[in-house]
Amino acid sequence: MPAFDLFPFETWARLSARFWRKPSPARLGYGDPAGDAQLRELIAAYLRNSRGLHCDPAQIVVTCGAQQAISLCAQLLVQPGDRVAIENPGYRAAGHAFAVAGAELNGIAVDDEGLDAAALERAGDCRLAYVTPSHQYPTGVVLSLARRLELLDWAERHDAWIVEDDYDGEYRYSGTPLAPLAALDRQGRVLYVGTFCKIAFPALRLGYLVLPPALVEPFARRRALDMRHSEIGSQAVMAEFIAAGHFQRHIRRMRMAARSRRDALLAGWPTDVPGCAPLPRVEAGLHLCVRVDGLARERELVTAAAEVGVEVGALSDYWLADSPEPAERRAGLVLASPRCPRRRSPRPCRRCAGPGACSKPVRGGRCGSPARIQSDRRPRWRASAFPQDQPLAGCAWAGAEVGATGAGAAPSSWSTTWRRPLLRRRLQTLASSALPKSSRAQRTRDRAMTSITGSIGRATTRVEVCTALSPPTASRPTPNRASSTAQSTRLARAGSS
């Protein structure tokens, strides 16, 4: 299961509210059975960039999760009595879908390189083969490149179909990911199944099928008979979620979290468990499998884990009943990465951070504290700190907390560590210009300085700005209020006469 606590529900809720606030009338009627056109285009772009799978958006059919995609393949590609090759042990729900369609299930052994292509060849004529090459379920092995090419050659020679279930292909922790079967297919024999549920949350019920061009229309018509189309709101929100870049950021966040939780499982697993083989090397996926000596030991370990609230799957439950493998050799444990929520350390308000300021933990930098209100009333940079009568000279100030302290006064010396050259040039240009005499222009300059420094502060926690100013010993001469008033009076009299 994915880490639910890391999903950006606030962003999803905002996008959903934006869509339903004023939806397009065209989207309120019956939609395309193949799915939302914008979402299909974005899925095609995502597969092209992340999987190397080049496909046309017209080849994609949006489904309610991967299970519906597998069921559609069973309903349209299998006739009663056809033989279907599935991995053994393998995904039970896929086997049930093909069995309901009337297929005769033929289990193919899985070794360290994935599905045994030689055993598939010996199995005889099969109408279809269902595989999970990126991360075999439940053993966790990855189908090697040689086996992938052998499987494609088998499908071409036997005029068979291959259903490739890439249910958790986003979780790759080390090494270069192998190209999916659909990307290597040149004869149009592979149907690629993908899902958003393993990267977002299962309740989303949003998946997709990448089909050979000849199968797109039959699959769309069959899906229209079942349920017309998927819920349009989820499709539209997911399209905007992908287009705005939130999906890619979430994938990176989930991959890092899954890697850390995998490491926690490997580090916390005891090395001296009687009757258990050592943990295998885990390079992908959200689960792993460890072999156990006998079914009795398997049941004992599963029961002991359940008593302390830990869910552990029994590998023996994933085998077909008529498997040639001896029952005692089917035992094992299927372990998922721990789903403990990540604890986030509280951080203070960005505008109130500093000595003596509030330290209320907030998200987004807003807390409404008096320190925040006070920091809003005073500028971070004062225009009088840039003397108009002194040219740029040596560095005078150092170590300013730009955009983080909210204080108006600057420290006594400066050092330079620039991370954004464009903002640096803008700030230096503005600092080197002469101070305008107009108060309105002065306020404009103050706002510009606050905007620039705030942008730098948001980009980095601590930004040290070099203005190359000499020590601000001189200040602007204070105008004589009396002389100014007298001059204004003389001008007024001259105008009236």
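Mentor: Contact here means heavy atoms within 4.5 Å. Keep that cut-off in hand. The model is predicted.

Trainee: What does His287 touch, not counting residues up to four places away in sequence?

Mentor: Its partners are His135, Gln136, Tyr137, Pro138, Gly140, Tyr167, Val334, Leu335 and Ala336. Each one meets the 4.5 Å cut-off, so each counts as a contact.

Trainee: Why is His287 called buried?

Mentor: Its relative accessibility is 9%. Buried means under 20%. The value falls under that limit, so His287 counts as buried.

Trainee: Where does His287 sit?

Mentor: In strand S9. S9 belongs to an open sheet of 3 strands, ordered S9-S11-S10, with antiparallel pairing.

Trainee: Why do S9 and S10 count as edges of that sheet?

Mentor: S9 (287-291) and S10 (313-314) each have a single partner strand, so one side of each lacks a neighbour in the sheet.

Trainee: How do you know that S10 and S11 pair?

Mentor: Pairing takes at least two bridges. S10 and S11 (residues 332-336) are joined by 2, so they meet the requirement. Ala314 has Leu333 in S11 as its bridge partner. Helix H11 (residues 295-307) lies across S10 and S11, at about 30° to S11.

Trainee: Which strands are the edges of the sheet of 8 strands?

Mentor: That open sheet runs S1-S8-S7-S6-S5-S2-S3-S4, with mixed pairing. Strands S1 (60-63) and S4 (114-115) pair on one side only, which makes them the edge strands.

Trainee: What makes S1 and S8 a pair?

Mentor: They are joined by 4 bridges and run antiparallel. The threshold is at least two, so S1 and S8 pair. Thr63 stands opposite Gly207 in S8.

Trainee: Which residues have the most contacts inside the largest nonpolar core?

Mentor: Leu47, Leu151, Phe196, Tyr208, Met238 and Phe247, in a core of 58 residues. Helix H9 (residues 232-243) gives the most to this core, with 6 residues. A second, separate core has 30 residues, including Leu77, Tyr130, Trp161 and Ala220.

Trainee: What is Leu151 in contact with, leaving aside neighbours within four places in sequence?

Mentor: Leu115, Leu120, Val131, Leu143, Ile162 and Leu181.

Note on methods
Residues are numbered from 1 along each chain as its sequence is written. This is a predicted model: local features need pLDDT of at least 70, side-chain atom pairs count only at pLDDT 80 or more; totals for chains, interfaces and linings use all residues. Side-chain values use heavy atoms; hydrogens and water are left out. Axes are lines fitted to C-alpha atoms, for helices over the stretch in contact, and angles run from 0 to 180 degrees between N-to-C directions. A nonpolar core is a set of buried Ala, Val, Leu, Ile, Met, Phe, Trp, Tyr and Cys residues joined through side-chain atoms within 4.5 Å. Buried means under 20% relative accessible area, exposed over 50%, partly exposed in between (1.4 Å probe, protein chains only).
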